[in-house]
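Open the model in your viewer and keep the sequence panel beside it. The tour goes from one selection to the next.

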Amino acid sequence: MIKFLKYHLKKILYKYNFKLNKIYIQNEDQISINYIEKQSVVTFARVGVDGNIILPEIGKINVNGRKLSEVNKMISANLIKKDFTPTFQLEITEFNSKKI
């Protein structure tokens, strides 16, 4: 049963051009950032054709082709540079304009 589930999960992830545990952000994906320190203020950002997102506290960041974990570290580093506490939750809410 577990092998069956793993097989189908890999098949589904492959369909969306992912590798297991390696989700890459692409153009037109939408990201949500939940700033926990600011009473759960949620910001949505869509990856543009140039691969950038624009965040109010940070500005422009190129995220195209990067792993979600890499983007998380990039946002944390930029928040620290701007003297903000990096307490947030990062999620991909749409893959290439397909809601999940």
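A residue is called buried when its relative accessible area is under 20%, exposed when it is over 50%, and partly exposed in between. Arg-46, at 38% relative accessibility, therefore counts as partly exposed. Keep these cut-offs in mind at each stop. The model on screen is predicted.

**The whole chain.** Start with everything shown as a cartoon. The protein has two helices and six strands. Followed along the sequence, they give the pattern α-β-β-β-β-α-β-β. Of the 100 residues in the protein, 31% are buried. Among contacts between residues at least 6 apart in sequence, 42% join residues at least 24 apart.

**Helix H2.** Select residues 68-81, which form helix H2. This helix has 14 residues and spans 20 Å from its first C-alpha to its last, close to the 20 Å expected. Next, show the side chains of Val-71, Met-74, Ile-75, Ser-76 and Leu-79, the buried residues of H2. What do the buried residues of H2 pack against? Colour four strands to see: E1 (30-35), E3 (52-55), E4 (59-62) and E5 (88-95).

**Asp-83.** Asp-83 sits in the loop between H2 and E5. Its phi is near 65 degrees, a positive value in a residue other than glycine. Is Asp-83 buried or exposed? Its relative accessibility is 72%, so Asp-83 counts as exposed.

**Glu-28.** Select Glu-28, in the loop between helix H1 (2-15) and E1. Here too phi is positive in a residue other than glycine, with a value near 75 degrees. The relative accessible area of Glu-28 is 40%, so this residue is partly exposed.

**The salt bridge.** Glu-94 forms a salt bridge with Arg-46, and the closest N and O atoms are 3.1 Å apart. The pair links distant parts of the chain: Glu-94 lies in strand E5 and Arg-46 in strand E2 (residues 41-46), 48 residues apart. Glu-94 has a relative accessible area of 10%, so it is buried, whereas Arg-46 is partly exposed at 38%.

Methods
Residues are numbered from 1 along each chain as its sequence is written. This is a predicted model: local features need pLDDT of at least 70, side-chain atom pairs count only at pLDDT 80 or more; totals for chains, interfaces and linings use all residues. Side-chain values use heavy atoms; hydrogens and water are left out. The expected span of a helix is 1.5 Å times one less than its number of residues. Buried means under 20% relative accessible area, exposed over 50%, partly exposed in between (1.4 Å probe, protein chains only). Contact means heavy atoms within 4.5 Å. A salt bridge is a side-chain nitrogen of Lys or Arg within 4 Å of a carboxyl oxygen of Asp or Glu.
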